[in-house]
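Visitor: Please walk me through the criteria behind the labels in this structure, setting each value against its definition.

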Amino acid sequence: MAVAEKSTGLRPDRVTLGIALMVGFTVCAPMIDTFAKLSAGHIVVAQIVAARFVIQAMLLMPMSGVFGWAHRPAGREVALQFARAALILIATGFFVAALAVMPLADAVAIFFVEPFILILLGAAFLGEPVGFQRLVLCLVGLAGALLVIQPNFAALGPAAFLPLGTAVTFACYMLLTRTMARRMHPVTLQAYTAVAASLLILPLLAAGHWMSVEALTVRWPDPLVYWLLLGVGVASTVAHIFVSFALSMAPAGIIAPIQYLEIVTAAVLGYWIFDDLPDTWAMIGIVIIMASGIGIYARERAIERQLLLNRPVD
């Protein structure tokens, strides 16, 4: 262990804490979706999305200031933050709309094709190498998503593709994140994006409400819904703090596969709260998605080890 620590620069205690934080993320993230799904029967999707980012901004901005992580963003960074905010707003809107009509585990599983889409987008727009094995794993993962989508499409029609829309827009969001994440603290990055998202959606929500646009009409529901919206915002904030610090303590190749536990948590919450379980074909698709994703991460780790040993990559 001492030799491995010396050669990699990793402290075992920090890696263990990073893994624990990532497990915490896989518990918190489906709670965001659960609170959103419970809220969706009472208020419009845009109101849920707005609550998430407003509460997230209110919690993360003071944290960034207190710990000295905040800075004055320059003009180009402001533009990128608003671009990221627009993408995450669309991705979140798609997903909350999907949660309103789909089982929780199905929606989360379809979203998990996002790493495959990100790899393909990186190859198409950034010229990043893909390799035959990774390409095959990506295509197999996408095929697994179709197995999850198929029974939902039969029951819901085109709405079954909403989580796929989330995966595509979130992959674009992650491409932008790659250009910014190295220049600022991850909590600050999330805080500024939440502020930008709030500045985009609140005027849109106000204008839509004033013009009586049904999808943007603000409702003032039973007080219980306010607690659900608070749950969306707080769970989102805690989940992002967990994943931000997890990535700072352990290599992504170690903790990224743990993220697939989120599907398990979603299935448990979906059954416990909504009495939803994926059908047989959806379950097969979920297993294929998880296996393909873990296969990609395992290959990335193998490539990293080969590079460290100065061996040629297969």
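**Labels and their cut-offs**

Visitor: Why is Met184 called buried?

Guide: Buried means under 20% relative accessible area, exposed over 50%, and partly exposed in between, with a 1.4 Å probe and protein chains only; Met184 has 10% relative accessibility, so Met184 counts as buried. This is a predicted model, in which local features need pLDDT of at least 70, side-chain atom pairs count only at pLDDT 80 or more, and totals for chains, interfaces and linings use all residues. Residues are numbered from 1 along each chain as its sequence is written, and side-chain values use heavy atoms, with hydrogens and water left out.

Visitor: What makes Val264 partly exposed?

Guide: Val264 has 43% relative accessibility, and therefore counts as partly exposed. Val264 lies in helix α12, where a helix is a DSSP run of H or I with at least four residues, numbered from the N terminus.

Visitor: Which residues make the nonpolar surface patch?

Guide: Val23, Val27, Met31, Leu261, Val264 and Val268 make this patch of about 450 Å², and α2 (12-40) and α12 (261-274) are the elements that give two or more residues to the patch. Accessible areas come from the Shrake-Rupley method with a 1.4 Å probe, and for residues only the protein chains shown count as cover.

Visitor: How far apart are Met184 and Ala70?

Guide: Met184 and Ala70 are 114 residues apart in sequence and 8.4 Å apart in space, C-alpha to C-alpha.

Methods:
Patch = residues over 30% accessible without salt bridge, like charges linked within 9 Å, V, L, I, M, F, W, Y side chains within 5 Å. Salt bridge = Lys/Arg side-chain N within 4 Å of Asp/Glu carboxyl O.
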